[in-house]
Amino acid sequence: MTEADDLDPAEESREGDVVAEHAARMRRNGWSAEPTVGELQLEDRGSLRRVAGLSTELTDITEVEYRQLRLERVVLVGVWTSGSAAQADASMAELAALAETAGSQVLDALIQRRDRPDPATYIGSGKADELRSVVLETGADTVICDGELTPAQLTALEKVVKVKVIDRTALILDIFAQHATSSEGKAQVALAQMEYMLPRLRGWGESMSRQAGGRAGSNGGVGLRGPGETKIETDRRRIRERMAKLRREIREMKTARETKRARRTSSGIPQVAIVGYTNAGKSSLMNALTGAGILVQDALFATLDPTTRRAELDDGREVVFTDTVGFVRHLPTQLVEAFRSTLEEVTGADLLLHVVDGSDPMPADQIKAVREVITDVIKEAGSAAPPELLVVNKIDAADPTELTRLRGVLPDAEFVSARTGAGIEELRTRLATVLGGLDVEVGVLLPYTRGDLLARIHADGRLLSTEHEETGTRVRALVPRALAAALSEFADGGVPVAAEK
């Protein structure tokens with residue numbers, strides 16, 4: 001019997017429909033019907049199957065090994081400290097989506113109204129006992145908390161519920177670890193995980209307190225004399241050594257990334273960074289604008305590794321689009337630090353294409369969360385904030401009433417559906433207008449030997465006037481900022497002429 005014979009007829013039919021739809025879409029856009037890299041990656045992710053029923057008994061293992069156990073059947077718990085009930089429910093719904101993305105089955109969810117999280121058990125002793133009852137009823141093996149727990153809270157809550165406890169930060173780190181594909185992405189995720197785990201490294205009972213050293217007979221006798229160190233100290237030292245090595249590797253990778261970015265910038269082609277909340281449809285929008293064929297998945301943090309593609313707008317202007325990692329409310333500090341070099345793609349952009357999920361119940365909160373992270377990154381880099389163009393995506397799935405309200409609240413935004421193609425042409429026209437408004441006017445006298453610069457002006461800018469003289473071609477044109485910098489040495493009369501439009 002072949003593998004094809006084992007396929008369920010319904011699954012085989014669905015697979016055929018997907019292939020047919022993909023080929024039709026490719027033909028409509030004039031692209032190749034061969035499977036894209038993103039689709040192959042999606043197939044690989046779908047082929048992963050987790051083994052249920054793994055024991056979560058707390059045995060003599062290190063915290064790093066313990067935190068890498070696969071999440072399975074989970075109960076969610078949150079503390080509602082501020083905002084409306086709708087916002088609290090939306091936060092829990094997002095936590096459930098994160099858990100499902102990590103490969104977990106959500107069984108139940110609890111939320112408690114408090115002024116602030118309990119310093120001992122996060123939710124208080126009474127609610128912790130109630131949580132223990134829910135865990136026993138549902139048969140859950142993991143509890144996920146909607147917040148970042150201190151090491152003491154993690155330990156205390158785990159003692160009460162007697163199953164593994166994970167906080168929001170650990171959950172996001174687990175998703176990042178699953179989805180990272182490039183060497184840089186894997187190194188950044190590993191560093192973020194270790195920074196998170198180091199202060200939380202602990203053992204159970206005396207398992208991590210074994211120590212060699214001391215006088216004969218006091219700690220095991222022969223072979224165990226000397227100063228020694230506890231097992232937990234050994235693990236911490238090894239983690240710090242590994243972290244130092246990862247930081248060196250990331251610095252080296254950052255140099256390579258900056259070299260590529262400098263090469264793109266020197267070309268004079270406008271740089272557009274696609275930013276936004278996780279699962280807002282950034283990769284789908286980039287595919288619609290450029291035909292990049294990158295991975296698209298209805299999951300949080302499906303894209304971790306930035307992808308850069310070149311495309312041509314309706315006015316013939318070439319543009320470089322960069323798809324970036326998505327943001328989320330309460331994005332772990334460790335991830336922001338580890339992904340610093342990747343997020344710096346934002347600081348070097350000429351324009352930020354800020355994608356918002358129009359079908360989300362609270363798009364304003366998404367916009368606020370993204371802008372907070374971008375502001376921190378730009379402030380750290382010490383550069384000026386690039387202009388922003390809001391794009392409301394998924395209008396095909398949005399409630400019509402909410403969509404009408406958004407059009408009134410965000411009058412300057414573009415409304416599109418990357419899935420159906422609605423509004424994409426209008427967005428391309430708007431991009432050409434916005435990028436054209438960012439050009440600067442220059443006046444230069446180019447020697448006849450620099451025909452390459454004249455060609456770049458024709459390709460990337462807009463000529464206002466040309467005049468051929470004995471020593472060269474006198475040109476006035478509107479060009480991108482990077483190209484204006486390259487032309488500055490040939491400024492008309494030796495003084496740069498550049499006026500922002």
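These are my notes on what I looked up in a predicted model of one protein.

**Confidence**

I began with the pLDDT, which averages 76 over the protein. A score of at least 70 is reached by 73% of the residues.

**Overall make-up**

I counted secondary structure next and got 17 helices and 14 strands. The protein has 501 residues, and buried ones make up 47% of them. For the accessible surface I have about 24,700 Å², with 51% of it belonging to carbon and sulfur atoms. I also looked at sequence separation in the contacts. Of those between residues at least 6 apart in sequence, 68% join residues at least 24 apart.

**Ser283**

I checked the UniProt record, an unreviewed entry, and it places the feature "binding site" at Ser283 and Thr303. I followed up Ser283 and found its place in helix H10, which covers residues 282–290.

**Thr473**

I moved on to Thr473, which is part of strand S13 (residues 472–479). Its relative accessibility is 6%, and therefore Thr473 also went down as buried. Which side chain does the side chain of Thr473 meet in a polar contact? I found that of His468, at 3.3 Å. I then listed the contacts of Thr473, leaving aside neighbours within four places in sequence. They are Val444, Leu445, Leu446, Tyr448, Glu467 and His468.

**Gly461**

My last entry is Gly461, in the loop that runs between helix H16 (451–460) and strand S12 (462–468). The relative accessible area of Gly461 is 22%, so I recorded this residue as partly exposed. Not counting residues up to four places away in sequence, I have Gly461 touching Arg456, Leu478, Val479 and Pro480.

Terms used. Residues are numbered from 1 along each chain as its sequence is written. This is a predicted model: local features need pLDDT of at least 70, side-chain atom pairs count only at pLDDT 80 or more; totals for chains, interfaces and linings use all residues. Side-chain values use heavy atoms; hydrogens and water are left out. pLDDT is the predictor's confidence in each residue, from 0 to 100. UniProt positions are given in the numbering used here, feature names are shortened, and annotations may be inferred rather than shown by experiment. Helices (H or I, at least four residues) and strands (E, at least two) are DSSP runs, numbered from the N terminus. Buried means under 20% relative accessible area, exposed over 50%, partly exposed in between (1.4 Å probe, protein chains only). A polar contact is a pair of N or O atoms within 3.5 Å; within protein, one must be able to donate a hydrogen and the other to accept it, and residues adjacent in sequence count only if both atoms are side-chain atoms. Contact means heavy atoms within 4.5 Å. Accessible areas come from the Shrake-Rupley method with a 1.4 Å probe; for residues, only the protein chains shown count as cover.
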